[in-house]
Amino acid sequence: MFPRASVAALVHRFFSVLVSWQWPTPILVAQPSTGVDANSVEWDPLHNLHDRAHLMPIITPGFPAVNTAVNVNLSTLRVLRDEFARGQRILDDLSRCRFSHPAPWNQLFTPTEVLVRYDHHVAIELRASNEESLAEWSSFVASRTRKLVETLQHTPSVGSLHPLPEIIRPQDPEPSANGEVVGYYFIGYTVDSPPMPGVRRGNCRLTRERQRMPSTSGNEEWARNCIASATRYFLATELNAATEKKCGMEVAISYSSWNDLPNAIFPGGRPAAIGDRARYILSQAHQMNVAQGFAR
């Protein structure tokens, strides 16, 4: 399509297309074959209700044609859209200097700021007797965490969700007497304002006017209560009752505000994380000002 374009221009085009893509319109390199039998795994939204429910169909060009993004849900689709938009902003800045400045390219590959982006987190703490057991246990828990995200995204008052897919190991952990090792999974999330007294459910005007809550002690209690039931049910049915849970494997799920996250999970320590969080908040404020036409 763009035989004379540079690699930088193609990457820019990639983000420009995906940021405006109208999901669930599928991305297709070639049309899937037709006339396959009912037992085929071919992606076919016309005849398969499950395929029709896919939020982000990206279809393989070979046979059988399948959706490579079948596990994308509402929350992860929102995260992907945000990242596509971030990539486009970075490439827009690069294009203005004709892709010659190296600094913006480094920004494109910086790790996600989930740990500093959100005021509220679901903390999944894993413990095992040794590294091998922790790797096995964390792999199983990660495979089940998608169900927790899907439950939380339908929980009233829970806004956006951002699961961190990689296990976080504490930096320089204190040695355990029994050799126990620890790892964490985190899900950052936002919450809507608590219901206003005397306001009937279904008031569309007030629903539209609800704002995301700043991080205060009262809001932390509200954020904790919003996820309590879903996390207890997930812990009891998906993890504690699992046959994959072996002797020495333990798991605990709790709410954590940003201020209460363990210091040991930040690679550069808490002071560096505070700086990263401040820069992220400032960048978000700048983007909002640009969108509203306030920035110079």
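Which residues of the largest nonpolar core touch the most other members? I began my notebook with this question, working from a predicted model.

**Entry 1: the largest core.** I found that this nonpolar core holds 30 residues, and that Val122, Ile124, Leu126, Val141, Tyr189 and Leu239 are the ones touching the most other members. I then looked up where the core comes from. Strands and helices both contribute: β3 (120–128), α6 (131–152), β4 (158–168), β5 (181–191), α8 (217–239) and β6 (250–257) each give two or more residues.

Entry 2: I noted another core, lying apart from the largest one and made of 15 residues. Val114, Val182, Tyr184 and Phe186 are among them.

**Entry 3: helices α1 and α3.** I turned to α1 (residues 7–19) and α3 (residues 74–96), whose axes come within 8 Å of each other. They cross at roughly 140 degrees. That angle is why I recorded α1 as oblique to α3. The crossing in which α1 passes α3 is left-handed.

I next wrote down who makes the contact. From α1 come Ala8, Val11, His12, Phe15, Ser16, Leu18 and Val19. From α3 come Glu83, Phe84, Ala85, Gly87, Gln88, Leu91, Asp92 and Ser95.

**Entry 4: Ser133.** I located Ser133 in helix α6. Is Ser133 buried or exposed? Its relative accessibility is 17%, and therefore Ser133 counts as buried, because the cut-off for buried is under 20%. Not counting residues up to four places away in sequence, I found that Ser133 touches Ala128 and Met249. I compared sequence and space for one of these pairs: Ser133 and Met249 stand 116 residues apart in sequence, and their C-alpha atoms are 7.4 Å apart.

**Entry 5: the chain as a whole.** How many helices and strands does the protein chain have? Its secondary structure comes to 9 helices and 6 strands. Of the 296 residues in the chain, 35% are buried. I also looked up contacts between residues at least 6 apart in sequence, and 68% of these join residues at least 24 apart.

Definitions and conventions:
Residues numbered from 1 in each chain as written. Predicted model: local features only at pLDDT ≥ 70, side-chain atom pairs only at ≥ 80, totals over all residues. Heavy atoms only, no water. Core = buried A, V, L, I, M, F, W, Y, C linked by side-chain atoms within 4.5 Å. Buried < 20%, exposed > 50% of the residue type's maximum accessible area, 1.4 Å probe, protein only. Helix = DSSP H or I, 4+ residues; strand = E, 2+ residues; numbered from the N terminus. Axes fitted to C-alpha atoms, helices over the stretch in contact; angles between N-to-C directions. Parallel < 35°, antiparallel > 145°, perpendicular 65-115°, else oblique. Left-handed = near helix turned anticlockwise from the far one by under 90°. Contact = heavy atoms within 4.5 Å.
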